[in-house]
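Okay, thanks for coming, everyone. Let me put the structure up, and then I'll walk you through it.

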Amino acid sequence: MSVRQWSTPFLQPVSSKTTANEERRALIILNQPFSAELLKRVWHACKWHACADGGANRLWDVLQLQTSSDLEISDFVPEIIKGDLDSLRCDVRENFAKLGVPIIKDEDQNSTDLMKCMSAIEEIESSTPSLAQFTIIILGGLSGRFDQTIHTVSYLHKLRKRRKSTFVVTDENVGWCLDEGEHLIEIDANLIGPTCGLLPIGVDSTILSTRGLRWNLENKESSFDGLVSSSNAVIAKEVYISTSKPIFWNIELAFL
Ligand SMILES: Nc1ncnc2c1ncn2[C@@H]1O[C@H](COP(=O)(O)OP(=O)(O)OP(=O)(O)O)[C@@H](O)[C@H]1O
Ligand SMILES: Cc1ncc(C[n+]2csc(CCO)c2C)c(N)n1
């Protein structure tokens with residue numbers, strides 16, 4: 001199997017976006033806090049944008065708080081708001097409805113608002129089969145309620161088989177699932193690092209080999225019963241990871 005290459009150009013500042021915008025990306029905004037700077041970066045890196053229910057409140061509120069003219073509401077109108085709509089505030093609903101945003105109620109109590117937004121993306125992909133699959137950026141999801149955080153991580157774990165790339169980003173971290181195999185992660189020190197973690201979540205154990213870290217592993221078993229490589233650090237421009245089972249990788253943001 002080939003080495004999977006990873007990079008995070010969707011975290012570049014808007015002013016230096018060039019080829020980063022060519023990739024077909026979709027953003028899902030969850031109901032968790034995020035900074036205006038992070039919103040600006042990931043929003044402009046994405047071609048399509050969804051708010052998961054109360055994620056629309058977060059988007060609206062962060063835009064209201066901005067006094068500078070570079071965050072105009074008209075530049076941040078999502079393509080949909082979707083969920084069971086138990087968290088979407090009336091004022092936010094009215095304002096986005098006036099801006100023409102479709103607001104889709106899905107009352108299924110066996111799927112989360114994050115999953116409902118992913119279904120919307122996969123429906124678009126089914127109707128545009130000649131286009132590349134979206135890379136998904138989930139904003140929020142590694143903070144707040146622990147059951148929601150674990151849901152996000154477990155969802156990324158499951159998605160790895162059917163989706164090319166799904167990232168979750170907060171003001172603290174960016175993380176994604178590394179499937180079994182070999183990976184090369186480009187480290188743009190202006191965007192990410194140095195602190196990182198290789199977390200054997202959802203597997204009994206995995207065998208890890210790494211290069212480019214302060215504490216490298218060489219054919220070492222990692223599991224919740226044994227070694228968990230948290231608080232590791234990147235010391236090179238790229239990190240190599242070989243893993244025998246899927247792991248969750250996270251690295252801190254360098255710019256907030
Ligand atoms: N307290 C929280 N901590 C972490 N993530 C959250 C939290 N609340 C919401 N989210 C994320 O934001 C999404 C939208 O949340 P919202 O508050 O609108 O609905 P919810 O009813 O709490 O969530 P769900 O219906 O998906 O269980 C959720 O699907 C979840 O991914
Ligand atoms: C075994 C099991 N556990 C929890 C829920 C609750 N639940 C999971 S997703 C969801 C929708 C939230 O908008 C709700 C209520 C369930 N259905 N089944």
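Let's start with residues 181-247: the chain there is 0% helix and 52% strand, with its end C-alpha atoms 10 Å apart. Helices (H or I, at least four residues) and strands (E, at least two) are DSSP runs, numbered from the N terminus. UniProt, in an unreviewed entry, places the feature "domain: Thiamin pyrophosphokinase thiamin-binding" on that stretch; its positions are in the numbering used here, the feature names are shortened, and annotations may be inferred rather than shown by experiment.

Quick caveat: this is a predicted model, where local features need pLDDT of at least 70 and side-chain atom pairs count only at pLDDT 80 or more, while totals for chains, interfaces and linings use all residues. Residues are numbered from 1 along each chain as its sequence is written, and chains are lettered from A and ligands numbered from 1 in the order in which they are written.

Now, the domains. The assignment gives domain 1 (21-171) and domain 2 (175-256), with bounds from an automatic or database domain assignment. Their centres, taken over C-alpha atoms, are 26 Å apart. How many residues are in contact across the two? 13 from domain 1 with 10 from domain 2, where contact is C-beta atoms, placed from the backbone, within 7 Å. On the domain 1 side, helix H1 (36-45), H5 and S7 each supply at least two residues, and H5 gives the largest share, four.

So, H5. This helix runs over residues 146-159, and its 14 residues reach 20 Å from first C-alpha to last, close to the 20 Å expected at 1.5 Å a residue (that's 1.5 Å times one less than the number of residues). Its buried residues are Thr152, Val153 and Leu156; buried means 20 or more other C-beta atoms within 10 Å of the residue's own, exposed 12 or fewer, partly exposed in between, with C-beta atoms placed from the backbone.

Last stop, the core. The largest nonpolar core has 62 residues, and Leu139 and Val169 are among those with the most contacts inside it. Such a core is a set of buried Ala, Val, Leu, Ile, Met, Phe, Trp, Tyr and Cys residues joined through C-beta atoms within 7 Å.

Definitions and conventions:
Contact = placed C-beta atoms within 7 Å.
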